[in-house]
Amino acid sequence: MVVDRSPSPSPRTAGAEGQSAPLRARYRRILAFAARVLAQTWWFEIALPRIGLARVAESSRERRMRTLAQRFHVLAVELGGLMIKVGQFLSSRLDVLPPEITTELAGLQDEVPAVPIDQIRALAEAELGVPLARAFASFDEVPLAAASLGQAHRARLSAQDAADTGFSEVVVKVQRPGIDQVVATDLAALRRVAGWLRRIRFVADRVNAPALVEEFAQTSLEEIDYIHEASAAERFAEAFRDDPRVDAPLVAWERTTRRVLTLSDVTAIKINDVDALRAAGIDPADVAHVFAEVMFDQVFTHGFVHADPHPGNIFVTPHEDQVPESADPAEDGVSSRSARSTAGRRWRLTFIDFGMMAEVPEGIRHGLRTLFIAAASRDGKGMVAAAQEIGVLMPSAENRELERALTALFARFGGMGFAELRDVDPREFQGFAEEFGDTMRSLPVQLPEGLLLLIRAVSLTSGMCSGLDPQFNIWESIEPYATRLLADESGNIVQDLAGQAVANAATLWRLPKRIDDIITRVDEGSVTFDTSRIERRLDRIDGLIRRGVSALLFAALLIGGALVLTANPPLGVVLMSVSVLPLLHTLFAGLFRRGPR
């Protein structure tokens, strides 16, 4: 296996220093854009409201947000690199960004020109250590896809490699030359911007911007490490090995390095190509439901989630296997919708591009299960409690208004599909949305680390399902899945209670002997208690009380002497003079106390 062991750039030390003039110019351009945005935000959102011009800022907000998003869109397309990834992440942050921004950035794709084949060939041959003509039986010079971090070409393995791997048709993914330096420059600029945001109280109270950037940095550096992506592809395939709904490409390790990735060619019908799906006899509505179920499994069962499930990364692969008439879909692990789809013609979802994967720790997974079950049962209070468990809401938050808003939303819109929601009077929905938005803005909401990629995956999944099926109703997928989760949770509770019962029984079994040992030691006089620390603390408290009384006495004598000084000068002088004694005790009594403190 040919593997490049050279270290990838450090996420904390890489920067723009010492780099070429174009990279320094890139770094300054990113910072200049961010500085203009922050200055504009400060002027309209803070300065104008303070001088009584809040209505001026409010009236122009929608236009300003849309213009800002458009300018960032242009910047991202011109610069490429991580800026497009930043825009894609921002488009999924529906929780903290206004719709004017997320809508504009939702269509941001890797709109970059392809790298000339000569540069691709030079990098690939340097990585593989052999000419492309020897590494592959054929190599298509026209790219299959071009992105900001790399581009893909179809190829065919040599006869020997095909015999070793078991497949011959492959897709070769090659990094853009110099992308390491571009990523390092972009991350350095983003870290500087995060430092600025950390000083803005409104932002700092809701999100740890530096931690968010570090999470994004780690993800970005993993995405340009194709060894990491190949390992993630194998892990994903292993997780769904026994699930006929899901497939993933195989890795040709002999033709894979840190900058070149060779996978079996699994291209098929793009998941959002509705016309091609129908032509193949596949109902897009069935695809939407199975896709939602598969993404649920990734989150709640495997804790390993494909965080970039956009249409270019998911195919629907038809195959000719027939479903036995007597087969029970529940027994072979296939959802009922998947099993009955296409009138006997089966298909599967094939995922590719595993550079962006989200790990879901067990603690967060448990909180998400609770949130999911609460959403299925329209339990607003339960959703708030689950959000606190995950860490989205601070435990000290006053959540009654949020519970009330969620309960009202569920009562009116719960169970509706996207098509039904479109039929609701916009003014009614807007009223609920404004109430909910005001409540959310008043709460101490924060973004826990580790949820950045998961939020992106959920956002893309929702958009994909509604695009495949305009009548898609998420509740039809949530309710049966939540029922299964609830059954699993009940089983876990029974196991926990059984474990606690065993532990308590063991404690009770040992308790009589422990009590007998203590009584024996008391009778023998061998039980001692160290009260020295308590005595020292009581001594200190006693001293503080005495000094406090002296301070009050000093103030009383001084003020009393000042009040009577005019009417009775001798008495006033005496009182003021005597006040010095309690003052001295207050100031110096603690300095002359003996013994340890």
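Reader: How many aromatic pairs does a search of the whole structure find?

Author: Glad you asked! In this predicted model, searching the whole structure turns up 7 aromatic pairs. Take Phe-33 and Phe-72: their pair is tilted, with 5.8 Å centre to centre and 50° between the planes. Phe-33 belongs to helix α1 (residues 21–50) and Phe-72 to helix α2 (residues 54–79), so the pair links distant parts of the chain, 39 residues apart.

Reader: Are Phe-33 and Phe-72 buried or exposed?

Author: Phe-33 and Phe-72 are both buried. Another tilted pair joins Phe-136 and Phe-139, at 5.9 Å centre to centre and 45° between the planes. Phe-136 and Phe-139 are buried too.

Reader: Which residues do ring pairs link into a cluster?

Author: That cluster holds Phe-236, Phe-240, Phe-291, Phe-351 and Phe-354.

Reader: And which charged ends sit over a ring?

Author: Here are two cases. The charged end of Arg-64 lies over the ring of Phe-44, 4.2 Å from its centre. Likewise, Arg-235 places its charged end over the ring of Phe-304, 3.8 Å from the ring centre.

Reader: Why is α13 described as largely enclosed by the rest of the structure?

Author: Because 17 of its 19 residues are buried.

Reader: What is found at the start of α13, and what follows the helix?

Author: At the start, a side-chain oxygen of Asp-283 comes within 3.0 Å of the backbone nitrogen of Ala-285. After α13 comes Gly-303, with a positive phi near 65°.

Key
Residues are numbered from 1 along each chain as its sequence is written. This is a predicted model: local features need pLDDT of at least 70, side-chain atom pairs count only at pLDDT 80 or more; totals for chains, interfaces and linings use all residues. Side-chain values use heavy atoms; hydrogens and water are left out. Buried means under 20% relative accessible area, exposed over 50%, partly exposed in between (1.4 Å probe, protein chains only). Helices (H or I, at least four residues) and strands (E, at least two) are DSSP runs, numbered from the N terminus. A polar contact is a pair of N or O atoms within 3.5 Å; within protein, one must be able to donate a hydrogen and the other to accept it, and residues adjacent in sequence count only if both atoms are side-chain atoms. Rings of Phe, Tyr and Trp (its six-membered ring) pair if their centres lie within 6.5 Å; planes under 30 degrees apart count as stacked, over 60 as edge-to-face and the rest as tilted. A charge sits over a ring if NZ of Lys or CZ of Arg is within 6 Å of the ring centre and within 35 degrees of the ring normal.
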